[in-house]
Structure formats: C-alpha cells, structure tokens
Amino acid sequence: MDHIVLVGASAASLTAADTLRLEGFTGTLTMVGEELHPPYDRPPLSKHLLAGTLEPHKTTLRQDPDLQRLRMNLKLGRRATHLDPAARTITLDDGDQLDYDGLIIATGLRPRHLPFGNDLAGVHVLRTLDEALSLRAQLLSGPRVVVIGAGFLGTEITATTRSLGLDVTLIGIEPTPLASQLGTQIGSLVADTHQEHGVHLRMSRSVTGLRGTAGRVSAVELDDGTSLPADLVVVAIGSTPAIDWLTNSGLPLGDGVLCDSTCQVAPGIYAAGDVANWPHPLTGARTRLEQRLNATQQAITAARNLLAGPTRATPYAPVPFGWTDQFNTKIQFHGWCPTNARITYADGDPQTRKFVALYHTGGQVTGALGWNNARTLHTYHDHITAPIAA
C-alpha cells in the first residue's frame, strides 16, 4: 500500500493519520478538508470558544511541527466531489484527481437548516470554527437570542449565551431539553437548571416561521401563535452525515456510510467518526455515534484494519461515552440511555445535583449517567450491559 487518502480534516482523520504512522505505514498520506483550518477540536466551539474564554488557535489539535512529523500532504479548502472505487480515484472541487490504495472517510456532519428564513441576517448554525467565531462576534452586541433545538448542541449554546448575561429563549419540540438523548426524567433536571439560570424555555413547541425586518431576523413564530422577539437565532436542530459526494459512488449509504463491523465500507475503504454507520457487535443494531471519544477510538480501529486487511481485521465494539457541560453542571454518561429505560439513583440524590443515575432496560443496566459525579460514575462502567436489538 503506497498512498492512503483521508477525506475530512477532522479529529477522526487526524487520529487515523497518527495511527497509520505509528503502525508503520511509510507511504504517502494525503488529507483533504473543506475548511482552510487544519484539524481542530469541535466540542469547545459551543462552550469556551463561544464564551470568549478560549482563543481560536487553542482548538487546533496539532501545531505545525507535529503535523509535519506526520509527513502528510494537506489539501485544505478543498472538497471531495466524487469517488470512483473501481478506479480508486477521488475527484476534488478544483478538478484535481487523487489516486489511492487505501481510503478512510471521516467527513463528519452537516447541520440541518430550517426550511425558511435562511436568507435573513442573524440566523446561524454552529458546526465550524468560522461559524462559531461569527456567532461570537454578534453576541458581543447584546442581542436577544433564540435557540431552536434542545439537544446537546442547542442546550450548550443556550447555557453559554445565558452565561454571557444575554436574554435567551430555548425552543424544543419535546417536553424537556435532552429528552431524546437522556429521557424526560433527566431532561426535567436539565430544564430546572436552565430556568434557575434565567433561560426562557418553550418546550413541546415547534417553529413555524421566522420574521424579518430590513433583511434581518426580528421574531420567531411558534405553532401556538406566539411570536418571540429575536435579534439573533441559532438553529441547532440536528445534523446529517456529509455523504453527498458519495451519491454516485456505488458505496452503501443510508444514515451515514454503511460499514461492516470492522469499519470497512468496501475493499480498501474504511470510515470513522460521525459519518460511520456500523453493526455494533454488542447490540446487533446499526449504530452511528456523534461523540468525540468515538471519533478517536473508531479512527484507530479503521486505520489498523485498513493496514491489516480483511482477514486480520478486528470488530469495533465500544461502550459509548459522552458528556456535556452546561452552567455549573457536568453530565457524563457511559453506555446506552434509552428514553424508555427505568432510571434509579445509585449514588447521591437529584435534589443535591450530584448523583449517578442507572438506566435499566430489560432487567439489565445498559447505561450510567453522572451529574457532577465523574469519579463515582467511573466505578459503574463495568456494570453496563449492552441492550439487545429488537
């Protein structure tokens, strides 16, 4: 194998490059990334960077000397537009073609947009470093902020902007924030935390329109007829895997790039990170994880398996781990947290805002969540059993 191409200048892609070199690959490495920035860390964008407590350059995952040690061709500001697996070529948006022996796809996600109002100034999404910096600049004028979407990203942006002293309203289609991710029992505690810090919550509501004045957003309209004044709107209604460039490639696609249990998509092609969808060996169900730790772990497996070849490849079977920081609260979770699970408290008490919650599914503990209790949470990791797919 002489030339491996990494598509996506992401944490997963950089980890794959590190792993390939550590495993002894001495051939040519090329990384293709749409953004002009070298790989950087995304979790701080909605928190420390947005708050102004972290300088943009400190999100960079490798400084120039470390990147140079990887002996990698960086093609930044370039987008892959087509893949031909038979010819083993990748076409870029400038017409350039890259030949490859091995390919790792780590293109991540693209944010969803509302079907209206995208032409109005003051309407933002947050996925990239440049989008975070643009949003940060507009927050400095003290606008009335409305955040649409009460998942992890939406609640983190809400917490950050409210911590800056701004008037913030959070809108979600479910009964509580994080209901889809952690269930309404924990979601109710998240709601209480936000309200205690002065966030206006509009739960079980959907957005029907955005109103503008002189080309700039001025109000958010809800399905109950309410019109919320807004100088700035952040849309955080989820993301979709960035697989548009693979449409005519013949690769199996769906909710991401469909891999086997070893992260292989096709001969010589592997995927890792947010874009990878694989049958999890522990659950029997197809899985796609939008978690920072997964990007690293899966990239290591994909890179090793690419070098090892299919006959010596190992399945990828992680226990998921995620976290979110909001106000003075750190929530961490291991395993699977189904919304219909029965929750018990094994350590601490929700009233003290320091506890461990266990998620029970089918008589098994399938997940553990720590609320300001990271040290105790870790002791429950080995108690987690993966749920069996229905």
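Residues are numbered from 1 along each chain as its sequence is written, and side-chain values use heavy atoms, leaving out hydrogens and water. Because the model is predicted, local features need pLDDT of at least 70 and side-chain atom pairs count only at pLDDT 80 or more, while totals for chains, interfaces and linings use all residues.

**Stop 1: a sheet**

Select β9, β16, β10, β11 and β12. These 5 strands form an open sheet in that order, with parallel pairing. Helices (H or I, at least four residues) and strands (E, at least two) are DSSP runs, numbered from the N terminus. Two strands pair if DSSP finds at least two bridges between them. Strands of a sheet pair through backbone hydrogen bonds, either parallel or antiparallel.

Which strands stand at the edges? They are β9 (123–124) and β12 (200–203); each has a single partner strand, so one side of each is left without a neighbour in the sheet.

Now follow the pairings. β9 and β16 are joined in the parallel sense over 2 bridges, and His 124 stands opposite Val 234 in β16. Between β10 and β16 there are 4 bridges, also parallel; here Ile 148 has Val 235 of β16 as its bridge partner. Strand β11 (residues 168–172) runs parallel to β12 and is joined to it by 4 bridges. Ile 171 stands opposite Arg 202 in β12.

Next, colour the residues of β16. In a regular strand the side chains alternate between the two faces of the sheet. In β16, Leu 232 and Val 234 on one side and Val 233 and Val 235 on the other are all buried. Buried means under 20% relative accessible area, exposed over 50%, and partly exposed in between (1.4 Å probe, protein chains only).

**Stop 2: the helix across the sheet**

Select α5. This helix lies across β10 (145–148), β11 and β16 (232–235), running at about 170° to β11. Axes are lines fitted to C-alpha atoms, for helices over the stretch in contact (heavy atoms within 4.5 Å), and angles run from 0 to 180 degrees between N-to-C directions.

**Stop 3: aromatic pairs**

The whole structure holds 5 aromatic pairs. Rings of Phe, Tyr and Trp (its six-membered ring) pair if their centres lie within 6.5 Å; planes under 30 degrees apart count as stacked, over 60 as edge-to-face and the rest as tilted. Select Phe 152 and Phe 333: the pair is stacked, 5.7 Å centre to centre, with 10° between the planes. Phe 152 is in helix α5 (residues 152–163) and Phe 333 in strand β25 (residues 329–335), 181 residues apart. Phe 152 counts as partly exposed at 23% relative accessibility, and Phe 333 as buried at 7%.

Then select Tyr 345 and Phe 355. Their ring centres are 5.3 Å apart and their planes at 90°, so the pair is edge-to-face.

**Stop 4: Arg 288**

Select Arg 288, in the loop between β23 (286–287) and α8 (292–308). Is Arg 288 buried or exposed? Its relative accessible area is 18%, so Arg 288 is buried. A polar atom of its side chain lies 2.9 Å from the backbone oxygen of Asp 274. The side chain of Arg 288 also makes a polar contact with the side chain of Glu 290 (3.0 Å). A polar contact is a pair of N or O atoms within 3.5 Å; within protein, one must be able to donate a hydrogen and the other to accept it, and residues adjacent in sequence count only if both atoms are side-chain atoms.
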